[in-house]
Amino acid sequence: MKKPAIALVIAFSLLNTSGIRAQKEGPRDQNEFVKSYDAYIKNTMEKVPDIPGFAVVVIKDDKPIFVKAYGMADKEAGVRSDVDTLYYIASSTKSFTALAAALLDREGKIKLDDPVSKYSNGVAFKTRLPEKITVRDLLTHTSGLRNGPLVFRMAYSGESDAADMKRVFGSATTFTEERYGKYNYDNLGYNIYAVLLQNHLGLKWQDVLQSKVFDPIGLKHTTAYVSKAKRKKYKIAAPYMYDPASGKEIRAPLEKVDNNMQSAGGMFASVSDIGRWLNLNMNDGMLDGKQVIPAEVMRAVHTGFTATTRDAPPFSGEGQYGLGWQIGKYRNEKVIYHHGGFPGYRSHISYLPEKKIAIAVLVNDGFAGSRAADMFATFGYDWWLGLDGFQAAYDKELQNLADRYAQAVEQMRADVATRAKRTSQLTKPLGDYAGKYVNDDLGAIIVSNTGTDLMVKMGNIKVTATNFTQRETIRVEMVPGSGEVIKFNKTADGKVDSLTYAGATFTRIS
């Protein structure tokens with residue numbers, strides 16, 4: 001399945017550190033840090049005012065020295081963000097799921113080094129899985145497995161009830177020998193782990209996280225259920241993205257609900273809770289003077305099991321992947337981290353274990369806010385590392401961010417204007433394309449005629465199609481920010497009988 005466009009993220013990817021020198025300044029003062037850090041964040045929001053809001057926590061020597069929220073959680077409702085506001089943390093969820101898996105391994109319920117097949121009894125596999133693939137392989141992205149439909153249903157369309165996921169796990173999973181044992185980051189392994197939990201133990205991954213992780217750690221404003229957050233009247237940060245058609249930030253059209261929260265990326269958490277989470281990880285499971293999680297379990301999740309090479313800033317280069325955590329270097333310091341992103345959200349969660357510094361930045365914008373989140377984190381680290389000349393470099397990078405954001409906005413608006421000039425390549429009346437189209441693995445696509453356009457619905461996804469350049473095609477953004485093509489297929493007598501989307505055929509049934 002195609003992922004959201006990342007051109008802007010790439011454009012913002014390199015922090016200009018040419019003005020930063022390795023020489024260190026004098027002793028660091030906490031009050032000076034708070035003043036400097038707060039000023040930089042406020043300056044960023046002034047220069048890039050489209051970013052709705054941030055929540056930030058900095059831990060130093062086991063104490064939260066900076067916990068603050070900025071901007072709006074919900075612009076339409078006029079709700080400001082605070083330190084207990086819930087932000088969607090996307091793939092940062094993996095570190096929580098992996099900890100729960102390590103605890104279940106310790107209890108002997110699902111052993112990490114057992115073959116996946118041991119816990120998939122009753123699954124009818126179209127392609128038999130090799131016995132050598134272990135549960136640990138799933139959680140370290142080394143299984144060699146692929147299954148786009150399972151990932152898409154769980155994270156986007158929401159057509160993900162337990163029976164369907166068991167069936168799709170069996171029917172759409174493929175194995176590539178060349179990929180086995182090699183790090184290939186995706187959501188699939190964690191999604192399969194959720195299927196194994198349901199299949200072998202009869203447990204939902206959300207409930208396992210609540211009982212094994214959230215409750216013991218004392219996370220009061222964290223949940224894997226959107227319905228629970230709403231029932232408890234938690235303040236939830238709404239997702240926002242730039243809309244080039246209207247020329248402003250709008251609420252992202254694909255919001256998270258219970259059925260598209262998933263084990264590889266399906267948690268809402270407050271920055272105050274993430275501070276506790278970071279403290280727990282930096283102290284081998286100790287929190288508030290108590291051993292909350294066994295130290296050997298914590299050491300296991302922070303142990304690198306497979307080599308990685310990452311080109312994504314700010315922690316690029318050679319490293320390792322543990323259980324739900326990336327392990328690498330920032331400057332000359334060891335860094336442990338896991339970030340997350342989804343249309344309308346970005347999370348940066350990281351810590352320098354040997355310096356006892358941890359920083360998390362949560363933002364309800366996945367565009368300019370994504371780059372700004374990383375800037376805030378590295379600004380904090382560079383301040384405490386005492387690097388000479390870093391302030392000027394960050395001021396310059398902030399201006400670069402504002403300039404590139406403006407350029408990217410103009411480019412997007414130009415692209416929308418170009419697409420608006422396209423003429424329809426559909427040869428039949430719109431009503432002739434309306435109907436329900438089904439693919440056994442990916443689910444159902446419902447096409448309806450609004451009178452002037454075609455509306456396309458796929459589970460939680462609902463979009464208005466626009467014209468494309470090829471005969472019998474339309475353009476859709478099933479994932480916000482990601483343009484894709486649907487092609488309608490006709491019989492010899494001209495009747496529309498199927499469509500092709502994401503390389504798969506959907507048969508028309510009505």
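Helices (H or I, at least four residues) and strands (E, at least two) are taken here as DSSP runs, numbered from the N terminus. On that basis the secondary structure of the chain comes to 13 helices and 30 strands. This is a predicted model, in which local features need pLDDT of at least 70 and side-chain atom pairs count only at pLDDT 80 or more, while totals for chains, interfaces and linings use all residues. Residues are numbered from 1 along each chain as its sequence is written, and side-chain values use heavy atoms, with hydrogens and water left out.

**Overall dimensions**

Buried residues (under 20% relative accessible area with a 1.4 Å probe, protein chains only) make up 54% of the 510 residues. Where contact means heavy atoms within 4.5 Å, 65% of the contacts between residues at least 6 apart in sequence join residues at least 24 apart.

**Strand pairing**

Two strands are said to pair if DSSP finds at least two bridges between them. Three strands form an open antiparallel sheet in the order E5-E11-E8. Strand E5 (87–88) and strand E8 (222–223) stand at its edges with a single partner strand each, so one side of each is left without a neighbour in the sheet. E5 is joined to strand E11 (residues 268–269) by two bridges, and Tyr88 has Phe268 in E11 as its bridge partner.

A hairpin of three residues connects E22 to E23. E23 also pairs in the antiparallel sense with strand E24 (residues 454–458), over four bridges, and there Ser448 has Met455 as its bridge partner. The hairpin of E23 and E24 has four residues between the strands, and in it Gly451 takes a positive phi near 110 degrees.

**Pocket and cavities**

On a 1 Å grid over the protein atoms alone, a cavity is a set of points where a 1.4 Å probe fits but cannot get out, whereas a pocket is an open set with protein on both sides within 12 Å along at least five of seven lines; lining residues have an atom within 4 Å of a point. Grid points are joined across faces, edges and corners, and a volume is the space filled by probe spheres set on the points. The structure holds two cavities of 30 Å³ or more.

| Space | Volume |
|---|---|
| Second largest pocket | about 390 Å³ |
| Largest cavity | about 80 Å³ |
| Second largest cavity | about 50 Å³ |

The second largest pocket is lined by 18 residues, of which Ser160, Asp161, Ala162, Gln198 and Trp205 lie nearest its centre. Helix H6 (162–172), helix H7 (188–201) and helix H8 (205–217) each give two or more residues to this lining, and H7 provides the largest share, four residues.

Of the 13 residues that line the largest cavity, His141, Ser143, Leu145, Asn184 and Asp186 are the closest to its centre. The second largest cavity has Arg310, Phe315, Gly317, Gly319 and Tyr337 closest to its centre.

Methods
Buried < 20%, exposed > 50% of the residue type's maximum accessible area, 1.4 Å probe, protein only.
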